Amino acid sequence: MLGDKRTSARKILKTKAVVAMEGDAPVLGRTADVGANGVSVGVPNPLLVGQAGQVSFDILVDGKFATISARAKVMYCIISNNEFKVGFQFLNLELAAMTALARFMR
């Protein structure tokens with residue numbers, strides 16, 4: 001049994017996301033949860049572990065929407081409810097995105 005390798009708390013977040021992996025067209029997905037270090041997104045097709053790309057989604061911070069757009073790496077990909085649940089780890093998150101996520105996680 002694999003242990004959970006998450007290094008930060010997670011908060012449920014159900015919103016639209018855009019996933020653009022290197023060399024592929026962007027696909028629409030839906031977030032499941034988010035943390036300071038990553039996000040889980042449901043997508044229609046499997047992604048390769050270790051693959052890098054861009055993940056974008058909106059969060060509500062202090063009554064306003066903030067768009068998080070971050071480079072991210074696929075940490076896992078499992079089939080769940082007729083879609084693929086992909087765990088992304090953020091890479092080099094920008095300060096504005098870090099701040100927005102920290103406020104959202106409070």
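A: The model is a predicted one, and it contains one helix and seven strands, which run β-β-β-β-β-β-β-α from the N terminus on. Its radius of gyration is 13 Å, close to the 13 Å that the globule rule gives for 106 residues, so the protein is as compact as a globular protein of that length. Buried residues make up 38% of the 106 residues, and of the contacts with a separation of 6 or more, 53% are between residues 24 or more positions apart.

The largest nonpolar core has 27 residues, and those with the most contacts inside it are Val-34, Val-39, Val-41, Phe-57, Ile-59, Phe-88 and Phe-90. At least two residues of this core come from each of β2 (16–21), β4 (38–43), β5 (52–61), β6 (64–80), β7 (83–91) and α1 (95–105), while the largest share, five residues, is supplied by β6.

Val-39 shows how such a residue is surrounded: leaving aside its neighbours within four places in sequence, Val-39 is in contact with Arg-10, Thr-31, Asp-33, Val-34, Val-55, Phe-57, Val-86, Gly-87, Phe-88 and Phe-90.

In strand β6 lies Ala-72, which has a relative accessible area of 0% and therefore counts as buried, the limit being under 20%. Not counting residues up to four places away in sequence, Ala-72 touches Gln-51, Ala-52, Gly-53, Val-55, Phe-88, Gln-89, Phe-90 and Leu-91. Ala-100, by contrast, is 28 residues from Ala-72 in sequence and 17 Å from it in space, C-alpha to C-alpha.

Notes. Residues numbered from 1 in each chain as written. Predicted model: local features only at pLDDT ≥ 70, side-chain atom pairs only at ≥ 80, totals over all residues. Heavy atoms only, no water. Core = buried A, V, L, I, M, F, W, Y, C linked by side-chain atoms within 4.5 Å. Buried < 20%, exposed > 50% of the residue type's maximum accessible area, 1.4 Å probe, protein only. Helix = DSSP H or I, 4+ residues; strand = E, 2+ residues; numbered from the N terminus. Contact = heavy atoms within 4.5 Å. Rg over C-alpha atoms; globule rule 2.2 N^0.38 Å.
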